[in-house]
Amino acid sequence: MTQEYKRSLVSVVPKLGESYTVQLVLTDESLHLMRLDAKTLITPTPGVRIVRLRRDLSQGLGLNVKGGTEHKLPVLISRLIEGRSAFNTRRLHVGDAILKVNDVSLEKVTHDEAIDLLRSCGDEVTLTVQHFPLASHYLTNDATNQIGLDEVT
């Protein structure tokens, strides 16, 4: 039986201004590569969840995100800050793709546009999310900070 050692996502830049995402899977026998695109990564499934939270005026939502259209990735939760609103719901997880903020789609937004929307969406926030399991290792690796990391307040 083949043993899987590592699974990761990388951004490939064949020429300036062009990039795409590739999933790498290393086993004891081979290295598999599969080209992915943002639409493939966030195709709606029954796993979509709606999570309501209240912004803490002094501490914000308490989450960080990576991704956006310029990275050919959905907007993904990369960190939940313990003790803050997003963490305390117990319904959000690192690796969740944020599909909507208060019914506004994040499917075609840049990282900065997503940050602006999350910061300006009001005190009562409704997030539509879907877990993106391929991202878990990718999001916890410090070497991926070039994919955009901002605290949302």
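The structure is a predicted model, in which local features need pLDDT of at least 70, side-chain atom pairs count only at pLDDT 80 or more, and totals for chains, interfaces and linings use all residues. Residues are numbered from 1 along each chain as its sequence is written, and side-chain values use heavy atoms, with hydrogens and water left out. The chain holds four helices and ten strands; helices (H or I, at least four residues) and strands (E, at least two) are DSSP runs, numbered from the N terminus.

**Overall fold**

- Read from the N terminus, the order of elements is β-β-β-α-β-β-β-α-β-β-α-β-α-β.
- The chain has 153 residues, and 41% of them count as buried; buried means under 20% relative accessible area, exposed means over 50%, and partly exposed lies in between (1.4 Å probe, protein chains only).

**Nonpolar cores**

- A nonpolar core is a set of buried Ala, Val, Leu, Ile, Met, Phe, Trp, Tyr and Cys residues joined through side-chain atoms within 4.5 Å.
- The largest such core contains 21 residues, and those with the most contacts inside it are Leu63, Val65, Leu92, Ile98, Val101, Leu118 and Leu127.
- Two or more residues of this core come from each of strand E4 (49-54), strand E5 (63-68), strand E6 (73-80), strand E7 (96-101), helix H3 (111-119) and strand E9 (124-131).
- Another core lies apart from it and has six residues, among them Leu9, Leu73, Leu76 and Phe132.
- Valine 65 lies in strand E5 and counts as buried because its relative accessibility is 0%.
- The C-alpha atoms of valine 65 and isoleucine 77 are 4.5 Å apart, although twelve residues separate the two along the chain.

**Salt bridges**

- Side chains of opposite charge can pair when their charged atoms come close.
- A search of the whole structure finds two salt bridges, each defined as a side-chain nitrogen of Lys or Arg within 4 Å of a carboxyl oxygen of Asp or Glu.
- Arginine 54 forms a salt bridge with glutamate 124, and their closest N and O atoms are 2.0 Å apart.
- Arginine 54 lies in strand E4 and glutamate 124 in strand E9, so this pair ties together parts that are 70 residues apart in sequence; both residues are exposed.

**Strands E5 and E6**

- Six of the six residues of E5 are buried, so this strand is largely enclosed by the rest of the structure.
- E5 and E6 pair in the antiparallel sense over five bridges; two strands pair if DSSP finds at least two bridges between them.
- Lysine 66 has leucine 76 in E6 as its bridge partner.
- The hairpin of E5 and E6 has four residues between the strands, and lysine 72 takes a positive phi near 60° there.

- E7 is largely enclosed by the rest of the structure, because five of its six residues are buried.
- E7 and E9 run antiparallel and are joined by five bridges; valine 101 stands opposite leucine 127 in E9.
- E7 also pairs in the antiparallel sense with strand E8 (residues 104-105), over two bridges, and serine 105 in E8 is the bridge partner of lysine 100.
- The hairpin of E7 and E8 has two residues between the strands, and asparagine 102 in the turn has a positive phi of about 50°.

**Helix H3**

- His111, Ala114, Ile115 and Leu118 are buried in H3.
- These residues cover an arc of only 100° around the axis, which puts them on the same side of H3; the arc is that of the directions from the helix axis to the C-beta atoms.
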